[in-house]
Amino acid sequence: MPVQTIDSSGGNRGRGVGLGLALASAVAFGGSGVAAKPLIEAGLDPLHVVWLRVAGAALVMLPLAVRHRALLRRRPALLAGFGLLGVAGVQAFYFASISRIPVGVALLVEYLAPALVLGWVRFVQRRPVTRAAALGVVLAVGGLACVVEVWSGLSFDAVGLLLALGAACCQVGYFVLSDQGSDSGADAPDPLGVIAYGLLVGALVLTAVARPWTMDWSVLGGTADMNGTSVAAALLLSWIVLIATVLAYITGVVSVRRLSPQVAGVVACLEAVIATVLAWILLGEHLSAPQIIGGAVVLAGAFIAQSSAPAKGSPEPVASGGPERELSGRSAAA
């Protein structure tokens, strides 16, 4: 039937755009730590930096929340879930975990999320998983182990590891919830509206946890040291809010709509690589040979998963966005 004739070149372009957006999201998210670390060293509590990040982004996105207020009636569970898991949950669990175990270990455990996404797709949604997608995840996780040099500071603190796993599970929620309704055509929830309300929910939750009224607000009026260079604290906060949060979430959610949760999840592993490279350039934290090799392995894993062919006999492969996802992606991005 003519209605089922799909331009494969258009589908490839859609996947290319989705991959570009996922990479942009990874770069934006990866830059948050480089900007946040000087603020923390200047005297701000890490949890206060997280609150400033989410609350500031929520204010920026507030006009979009008003515009898409119909989502409160149509998709209240989606908005609450995205705010609790995709915004507040990931941040809170991660910062709690690094108070007990090394940052590298916590980061590695958190970025097991792409593997958990594949598990969700295979065992909960009961959809096929290509061998290439599974191989891409294995390579990505193995490469991350080298990037964070997990062998240099492993600590078996059970509570800390469970908290990091909680961050990974929340990240799964972020990718899965970002994909909700992407196959609904014109009825798909607008991704900008979902992000806006997610940030609002996250800000409310983090307000109760972070207690910002105890924060030393004077730090924001001064400067912070970035590898010997004084940078205005307000400028660093602006980067965290506008680039590392607003832009990162927008490009991330739209990329999931154009690709799939598991592909976007694997590409998101590049955040750890990007964060390490930026720390090397801007903070003087040099990369070792294993970290460079690990970064290359992560890139290879992301590429393999994104470019893998559908499993034979699989009407809706999970390794790449199909034509249907391209059509819904156009609608969501409109």
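Residues are numbered from 1 along each chain as its sequence is written, and side-chain values use heavy atoms, with hydrogens and water left out. Because the model is predicted, local features need pLDDT of at least 70 and side-chain atom pairs count only at pLDDT 80 or more, whereas totals for chains, interfaces and linings use all residues.

**Figure 1. Overview of the protein chain, with 15 helices and two strands.** Helices (H or I, at least four residues) and strands (E, at least two) are DSSP runs, numbered from the N terminus. Of the 334 residues, 52% count as buried; buried means under 20% relative accessible area, exposed means over 50%, and partly exposed lies in between (1.4 Å probe, protein chains only). The chain exposes about 14900 Å², of which carbon and sulfur atoms supply 67%. Accessible areas come from the Shrake-Rupley method with a 1.4 Å probe, and for residues only the protein chains shown count as cover. Among contacts with a separation of 6 or more, 86% are accounted for by residues 24 or more positions apart, a contact being heavy atoms within 4.5 Å.

**Figure 2. The nonpolar surface patch formed by Val 277, Trp 280, Ile 281, Leu 282 and Ile 292.** The patch covers about 440 Å². Patches are made of residues with over 30% relative accessible area and no salt bridge, with like charges joined within 9 Å and nonpolar side chains (Val, Leu, Ile, Met, Phe, Trp, Tyr) within 5 Å. A salt bridge is a side-chain nitrogen of Lys or Arg within 4 Å of a carboxyl oxygen of Asp or Glu. Helix α13 (residues 270-283) gives the most to the patch, with four residues. Ile 292 belongs to helix α14 (residues 289-307) and is partly exposed, at a relative accessible area of 49%.

**Figure 3. Helix α13 and the glycine just after it.** The 14 residues of α13 reach 19 Å from the first C-alpha to the last, close to the 20 Å expected at 1.5 Å a residue; the expected span is 1.5 Å times one less than the number of residues. Buried positions in this helix are Leu 270, Glu 271, Ala 272, Val 273, Ile 274, Thr 276, Ala 279 and Leu 283. Just after α13, Gly 284 adopts a positive phi of about 75 degrees.

Figure 4. Ser 97 counts as buried, with 0% relative accessibility. When residues up to four places away in sequence are not counted, Ser 97 touches Ala 106, Gly 160, Leu 163 and Ala 164. Ser 97 and Ala 164 are 67 residues apart in sequence, yet their C-alpha atoms are 5.3 Å apart in space.

**Figure 5. The hairpin of β1 and β2, together with positive phi values at Asn 227 and Arg 211.** Strands β1 (residues 223-226) and β2 (residues 229-232) run antiparallel and are joined by four bridges; two strands pair if DSSP finds at least two bridges between them. Thr 223 has Ala 232 in β2 as its bridge partner. Two residues lie between the strands, and Asn 227 in this hairpin has a positive phi near 55 degrees. Asn 227 is partly exposed, with a relative accessible area of 47%. Arg 211 lies in the loop between α10 (191-210) and β1, and its phi is near 50 degrees. Arg 211 is partly exposed, with a relative accessible area of 47%. Most residues other than glycine have a negative phi.
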